[in-house]
Amino acid sequence: MNLEGLRYAQAVAETKSFSAAARAYGVTQPALSNGIAKLEERLGDKLFERSPRGVTQTAFGTRILPLIEHALTALDAVASEARRLTEPGEPKIRMGVSPLIASRLVARAFSTVQGLPAPRDLVLREANMQELREGLLAGQLDIILIPAVAAMPRFEHRVIDVEPIVVISPDATQAAPLELEEAGKDCFILVPDTCGLTTFTTQLFQAHEMPLNSYPGEAASYQVLEDWTKLGLGSAIVPRSKLTSPDVPHRALTDRGREVQISFEAVWSADSPLGPDLLRLADTLAATRS
């Protein structure tokens with residue numbers, strides 16, 4: 001049986017949503033649906049029923065899905081034990097980070113790893129969200145630091161940082177915060193949906209049932225966002241740490257007087273041979289967050 005199809009089915013069972021499961025694995029919803037359809041064809045019956053009320057398991061799925069979970073757990077245990085046996089005492093932690101992660105958070109991770117009972121080296125890899133998820137699933141990364149914008153079933157999670165969101169615009173000369181409802185009247189320049197910022201922005205407006213007016217083009221970097229706002233192409237939403245300078249015209253974004261923040265999380269496998277160290281790393285980052 002196709003391993004991806006089994007993982008997709010388990011993700012849908014846990015999230016109760018085809019779209020959430022697709023986001024968790026960094027694939028399109030049609031690709032995930034096609035993988036599950038092929039699995040159902042191989043098994044001989046449907047695992048899920050979709051209706052306006054959501055996704056439910058069929059009677060057949062209720063019997064089969066626990067077996068799929070057990071099978072995947074066993075397969076992951078094989079890979080974990082193989083890594084433990086072939087890399088005994090491996091003195092490094094491979095950490096993936098989203099470009100949205102602030103440098104101060106990476107610095108905290110370095111100091112934390114150096115202070116572990118058994119000091120290790122920290123090997124960093126910066127990549128987009130999909131590549132980081134795939135690296136963690138394939139065992140190429142031990143832990144990833146990403147915006148908390150998508151579910152990753154069967155992994156350990158710990159919120160390690162929160163950061164204020166600001167709005168950059170050429171006329172942001174006022175010191176007063178900008179209310180989300182007022183900001184909704186602006187046109188926003190977005191970046192490609194790879195680092196998690198566009199996902200966060202979209203979810204923020206959807207949660208408040210507000211339309212997101214976006215510029216038809218996309219900026220390649222946070223610096224370009226600032227440059228384009230100066231040209232009057234629109235406004236931009238970014239975490240405060242991504243401002244190139246405190247002098248960049250910006251206003252704090254608030255929702256009914258409360259600061260809008262983005263959360264970041266550490267994600268790792270509980271079955272990792274480095275599990276105790278990864279847990280200690282995540283807990284320390286969470287305890288020292290600003």
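## The cores

The largest nonpolar core has 61 residues, and I93, I143, I144, L145, L225 and L253 make the most contacts inside it. Here a nonpolar core is a set of buried Ala, Val, Leu, Ile, Met, Phe, Trp, Tyr and Cys residues joined through side-chain atoms within 4.5 Å. Buried means under 20% relative accessible area, exposed over 50% and partly exposed in between, with a 1.4 Å probe and protein chains only. A second, separate core of 21 residues includes A9, F18, L39 and L72.

Before going on: this is a predicted model, where local features need pLDDT of at least 70 and side-chain atom pairs count only at pLDDT 80 or more, while totals for chains, interfaces and linings use all residues. Residues are numbered from 1 along each chain as its sequence is written, and side-chain values use heavy atoms, with hydrogens and water left out.

## Who touches whom

Leaving out residues up to four places away in sequence, I143 touches I93, R94, M95, G96, L136, A266, V267, W268, L278 and L281. Contact means heavy atoms within 4.5 Å.

T112 sits in helix 5 (residues 103-114). T112 is buried, at a relative accessible area of 10%, and with the sequence neighbours up to four places away left out, it touches L281, T284 and L285. Helices (H or I, at least four residues) and strands (E, at least two) are DSSP runs, numbered from the N terminus.

## Helix 3 and the glycine after it

Which residues of helix 3 are buried? They are L32, S33, G35, I36, L39 and E40. Seen down the helix 3 axis, these buried residues fall within an arc of 160 degrees, so they line one face of the helix; the arc is that of the directions from the axis to the C-beta atoms. The face turned away from the buried side carries the exposed residues P30, K38, E41 and R42.

Just after helix 3, G44 takes a positive phi of about 100 degrees. G44 lies in the loop between helix 3 and strand 1 (48-51) and is exposed, with a relative accessible area of 62%.

## The cavity

The structure holds 1 cavity of 30 Å³ or more, and the largest cavity has a volume of about 50 Å³. A cavity is a set of points, on a 1 Å grid over the protein atoms alone, where a 1.4 Å probe fits but cannot get out; lining residues have an atom within 4 Å of a point. Grid points are joined across faces, edges and corners, and the volume is the space filled by probe spheres set on the points.

Among the lining residues are F188, L197, L225 and I237. Strand 8 (188-190), helix 8 (197-207) and strand 10 (236-239) are the elements that give two or more residues to the lining.

Key
1 Å grid on protein atoms, 1.4 Å probe; cavity = no way out; pocket = protein on both sides within 12 Å on 5 of 7 lines; lining within 4 Å.
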